[in-house]
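Subject: Structure for you to look at

Hello,

Here is the structure I said I would pass on. Please open it first, then read the notes below.

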Amino acid sequence: MSRRSGVLEFAVLGLLHDAPMHGYELRKRLNVLLGSFRAFSYGTLYPCLKSLVAQGFLVEDNPDVEYVPATALNGKRSKITYRLSPEGKQRFEELLADSGPEAWEDEHFGVRFAFFGQTDRAVRMRVLEGRRSRLEERLERMRSSIARTRERFDDYTLELQRHGLESVEREVRWLNELIETERATRTGRGPASPDTSDGRGPAAGSPDPPGPPYDRPGRS
């Protein structure tokens, strides 16, 4: 399974874990959940849904109704509602418990973080620490690259490299804050993790908007 399809599978199972949905609503929810991280088309989503049905992770209600993509002319949308099977719920729990290196990567971490409200605290900690470790390795490579190429690039290229470096540094600081909050909550020394409006992201009015942390402004 490719990284892209793995991310989509996890997001679909996670959203359907809350409630059954038809494909049109599921696509809208995916775009809201992932934001600028990834925009999925019907051409990407529906093969994923069919694959999950074939694997026994999803069940189709009203499967005899043929899907016609919605357009401005026909106004039609899918009548098929997708819901998790018991095997699908187990699959989502397995994915939710995975804290290995793949969960630390750019394409996975934002989606994993979106479902942290349903994730065990120990798993959250391992994912956060793994992500921080991965970014610290990236920082070292970026700093070394800037030092080596400083004399060969013009000011604009160097400024672009510095911008990338600062973005990673901001995320590392953000991760440090999250890790400290998790530790304080576990030991009873501090406040609980930020409240969430739907169990998958910061509540309305929180300092950071939902979405991957590398898309957020840094905290001072």
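A residue is called buried when its relative accessible area is under 20%. By that cut-off, the buried residues of helix H5 are His 108, Phe 109, Gly 110, Val 111, Arg 112, Phe 113 and Ala 114. That makes 7 of the 9 residues of H5, so this helix is largely enclosed by the rest of the structure. Please keep in mind that the model is predicted.

Next, the aromatic rings. Searching the whole structure gives 6 aromatic pairs. In one of them, the ring centres of Phe 10 and Phe 115 are 5.4 Å apart and the planes stand at 90 degrees; because planes over 60 degrees apart count as edge-to-face, this pair is edge-to-face.

What does the pair tie together? Phe 10 belongs to helix H1 (residues 3–18), while Phe 115 sits in the loop between helix H5 (106–114) and helix H6 (121–149), so the contact joins parts that are 105 residues apart in sequence. Phe 10 has 5% relative accessibility and therefore counts as buried. Phe 115 is buried too, with a relative accessible area of 0%.

Another aromatic pair is formed by Phe 113 and Phe 116, with 5.0 Å from centre to centre and 45 degrees between the planes, which makes it tilted. Both Phe 113 and Phe 116 are buried. These two also belong to a cluster, in which ring pairs link Phe 109, Phe 113, Phe 116 and Trp 174.

Regards

Notes:
Residues numbered from 1 in each chain as written. Predicted model: local features only at pLDDT ≥ 70, side-chain atom pairs only at ≥ 80, totals over all residues. Heavy atoms only, no water. Phe/Tyr/Trp six-rings, centres within 6.5 Å; stacked < 30°, edge-to-face > 60°. Helix = DSSP H or I, 4+ residues; strand = E, 2+ residues; numbered from the N terminus. Buried < 20%, exposed > 50% of the residue type's maximum accessible area, 1.4 Å probe, protein only.
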